[in-house]
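Here are some notes to read alongside the model. Please keep the structure open and find each residue as it comes up.

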Amino acid sequence: KPEPELLSSLDSAIPEILASQKENGQFGTDPWISTDQNVLLTLAAGWSIEDSRYFGDDAVLASIIQGGQALVDAQDEVGMFTFRKKDHSTWGQIYMPWVYSRWARAYWLTREAFGSDDRKVWDEALTLGFQGISDTCFDRVHNIPTHDAMGIYFAALALDREDWKEQAVAFSHQVVDAQS
């Protein structure tokens, strides 16, 4: 159970998040950037915590599903996103670790409530991205691959991928071994 002030903060954030969502599922202000969708985890937390006033809320779940669809629509053919910043600068394509980790954790919390069509879309999109992360992002110990390891661990839980779970744990051991 969360501390009362944390639950209050979570619940008070959800209406503003919902109000920021556009018809195409994107959250936030223009220009849209993939990290605007990080609020999917906030919504999923509110939806999944029993003491939240948004626990099991159908509108919040619909917003989560629509928000994930915006990420699906933004993925390229290998599951990367354009690294765009609010100043309109772009830094190329990336398996955006902060987006993927929050998307996977949101899915882990809400997946069982999805209809089969939405579950299929999210399964395929998250598999595309996390397979790319699995194949290309664990070549060195650094902050981004470490975050990727946490994200792929949750993706493994949501998508029942023991190989990714083992990869995440093994990489986490490398991180610990590299620490001073």
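1. How much space lies in the largest pocket? The answer, for this predicted model, is about 150 Å³.

2. The lining of the largest pocket consists of Ile 94, Tyr 95, Pro 97, Thr 136, Cys 137, Asp 139, Arg 140, Ile 144, Pro 145 and Asp 148. Sorted by class, the lining has 6 nonpolar residues, 3 charged ones and 1 polar one. Helix H6, which covers residues 143-159, gives the largest share of the lining, with 3 residues.

3. Next, the helix pairs. Two packed helices are described by the angle between their axes and the distance between the axes. For helix H5 (residues 116-136) and H6, the angle is about 140° and the axes are 10 Å apart. H5 is therefore oblique to H6, since the roughly antiparallel class takes angles over 145 degrees. The crossing of these two helices, H5 and H6, is left-handed.

4. Which residues of H5 and H6 meet? From H5 come Asp 123, Leu 126, Thr 127, Phe 130, Ile 133 and Ser 134, and from H6 come Asp 148, Gly 151, Ile 152, Ala 155 and Leu 159. This contact of H5 with H6 has 6 nonpolar, 3 polar and 2 charged residues. Asp 148 is listed in the contact of H5 with H6, and Asp 148 is also listed in the lining of the largest pocket.

5. The second pair is H2 and H3. Their axes, those of H2 and H3, cross at roughly 155° and come within 10 Å. H2 and H3 are therefore roughly antiparallel to each other. The crossing of H2 and H3 is left-handed.

6. On the H2 side of this contact are Leu 40, Leu 43, Ala 44 and Trp 47, which meet Val 60, Leu 61, Ser 63, Ile 64, Gly 67, Gly 68 and Leu 71 in H3. By class, the contact of H2 with H3 has 8 nonpolar and 3 polar residues, and no charged residues.

7. Val 72 also belongs to helix H3, which spans residues 58-74. With its neighbours within four places in sequence left aside, Val 72 is in contact with Trp 103, Val 121 and Ala 125. Ile 14 lies 58 residues from Val 72 along the chain, and the C-alpha atoms of the two are separated by 22 Å.

8. Where is Pro 31 found? Pro 31 is in the loop between helix H1 (4-19) and helix H2 (39-48). The peptide bond that joins Asp 30 and Pro 31 is cis, with omega about -5°.

9. The other detail concerns His 88, in the loop between strand S1 (81-84) and strand S2 (90-94). His 88 is not a glycine, yet its phi is positive, about 75°.

Notes: Residues numbered from 1 in each chain as written. Predicted model: local features only at pLDDT ≥ 70, side-chain atom pairs only at ≥ 80, totals over all residues. Heavy atoms only, no water. 1 Å grid on protein atoms, 1.4 Å probe; cavity = no way out; pocket = protein on both sides within 12 Å on 5 of 7 lines; lining within 4 Å. Points joined across faces, edges and corners; volume = space filled by probe spheres on them. Helix = DSSP H or I, 4+ residues; strand = E, 2+ residues; numbered from the N terminus. Nonpolar A, V, L, I, M, F, W, Y, C, P; charged D, E, K, R; others polar. Axes fitted to C-alpha atoms, helices over the stretch in contact; angles between N-to-C directions. Parallel < 35°, antiparallel > 145°, perpendicular 65-115°, else oblique. Left-handed = near helix turned anticlockwise from the far one by under 90°. Contact = heavy atoms within 4.5 Å.
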